[in-house]
Structures are given as C-alpha cells and as structure tokens.
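Time for a friendly look through this one, with notes as I go.

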Amino acid sequence: MKPTRSHGRQAIRPTLQPRALMDDPPEYVDVWQARIVTLFPDLFPGALGASLTGKALQDGKWQLHTHDLREYGIGKHRNVDDTPAGGGAGMVLRADVVGPAIEAAQAHARGQWPILYMSPRGRRFDQAMARDLARCDGVTVLCGRFEGVDERAIEHYGMTEVSLGDFVMTGGELAAQAMIDATVRLLPGVLGNAESTVEESHAAGLLEHPQYTRPAEWQGREIPPVLMSGHHGEIEKWRRAQAEALTKERRPDLWERLQGTD
C-alpha cells in the first residue's frame, strides 16, 4: 500500500491505529499543537483520531502530544495525589506533580500558547473561545481528576479554567477532546469547505437554520419551496429568518446577547 501524501512531512500509513498517529511524530514549528497533561494518555487521540480531525492529524495539519502525570509521581509508587488540606472527601492532584508535567509540556511552547485546566468551575467554553484558540500557536490542557488540582499550581502557571457546561464529569479528558475538536476544525485546511464554518451554528451568534437534501419529498414532507427556487437572495432571507426564530425559541440567552451587540 502506498503511503498517504506527506505535504513535505513524514507520511503516516492509513493502516495505523489511531494511537499510532501520536507516536513520536516530528515537531513542526508552523503547525498548531495540543499538549495534553493527563493520567490517562491512552484515551487520546480518541474521537480526535477519527473523521476530519483524524485526517488532519494524519496529514500533519495539527499535532497532538500527551504528557503522563504518573511519570511525575512521587516515590516508589508514583503517587500523584493526596488528601485535601483541612479535611474532606476525595483526593487532590499535587502541585509538585502537576508542576513538572506542565513545565515539560511548556518546553515546546512558542508564541501565543495558553495553559488551560478543564474544570467545572471554569469559564464556559464557546465558539468565540474556539476561534481564539485556533489563532494561537498551540495550547496545553491539564485534565483534572478526583477533587481537583492544588490551587497553587493553577495560580503559579496562570492557568485558565475552562468548563463545557454546568455539570461534573469524572475527568477532563472527554471535555478536552470536545474543546480541541471544536478548535481544530477551524484551523486552515482542516475542513474541505471553509464556508462551512461561516454558516454553522454560533458562527454569527445564531443557531443554524434547518438543512435539507434529497429526496424532494419524504414521508409526506417536502423541502421548503424557497430552497428549490434558485433565488439566492430569497434563500438567504429565509435562512436568516429561520436562524433567528430558532435562536429566540431555543436559546433566548443567545438572542438577548445578540440584541445587546446590535
């Protein structure tokens, strides 16, 4: 089997398993990188190794590296956590474990390269943040576990806490994958049609309008006639009206925010 096109980079054969997409790839200073600090590196690339993000990873349009927290554990048993100061349930990731792992990840940082900590108390991730991250040179993401991370590590490294929403997960790995997926698809050349990111939900502060395709009629339901008219001006007006109506109905918070910026 012939290797895939390398675009000047080392080619990766399509028969490789997803994890092999991350096996010691060469670094490229012009490629966006995600550095993941986690207790579970084998969870990556996960969903990021499939579909368009996986193809872009294989083609070298972005890079993913993991840093195993356990390697920085303390003592013979590589302990990474301890009981909360002041008492309480659960365990807390130690600053003297997290710190060296973050520094190992940041040794590769260049230019604009934030450190994010996936945390339910953080700023809610949104499309605007995805665009900001896509403009960076890379990002380091700390995936929390247990009751969280020693606050001193968060403060010392100036981490930005980020949340997917108002709920708690067992760890930050799935949240990190969702955030990176939303970011990577905005990188140049990842999506085949750049206009896809312009018209989709949240791109302009609105939810996306309904979409239709063949057949023209299904289960007694027809495609709205305006979409079959060929009149592009009317189609755009219809799509805008539908997007506004959906946003008002389903996300009044977004609608109010949009009205406040007009």
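Which helix does leucine 174 lie in? I found leucine 174 in helix H5, residues 173-184. Helices here are DSSP runs of H or I with at least four residues, strands are runs of E with at least two, and both are numbered from the N terminus.

A note on the source: this is a predicted model, where local features need pLDDT of at least 70, side-chain atom pairs count only at pLDDT 80 or more, and totals for chains, interfaces and linings use all residues. Residues are numbered from 1 along each chain as its sequence is written, and side-chain values use heavy atoms, leaving out hydrogens and water.

Next I looked up exposure. Leucine 174 has a relative accessible area of 58%, so I noted it as exposed (exposed is over 50%, buried under 20%, partly exposed in between, with a 1.4 Å probe and protein chains only).

Then I checked glycine 144. Glycine 144 sits in the loop between strand S6 (138-143) and helix H4 (151-156). Its relative accessibility is 8%, so it counts as buried. Leaving aside neighbours within four places in sequence, I listed its contacts (heavy atoms within 4.5 Å) as Leu93, Tyr117, Met118, Gly171 and Gly172. Glycine 171 is 27 residues from glycine 144 in sequence, yet their C-alpha atoms are 5.6 Å apart.

Last, a helix pair. In H7, I saw Glu244, Thr247, Lys248, Glu249 and Arg250 meet Pro252, Leu254 and Trp255 of H8. H7 covers residues 232-250 and H8 covers residues 252-261.

Methods. Axes are lines fitted to C-alpha atoms, for helices over the stretch in contact, and angles run from 0 to 180 degrees between N-to-C directions.
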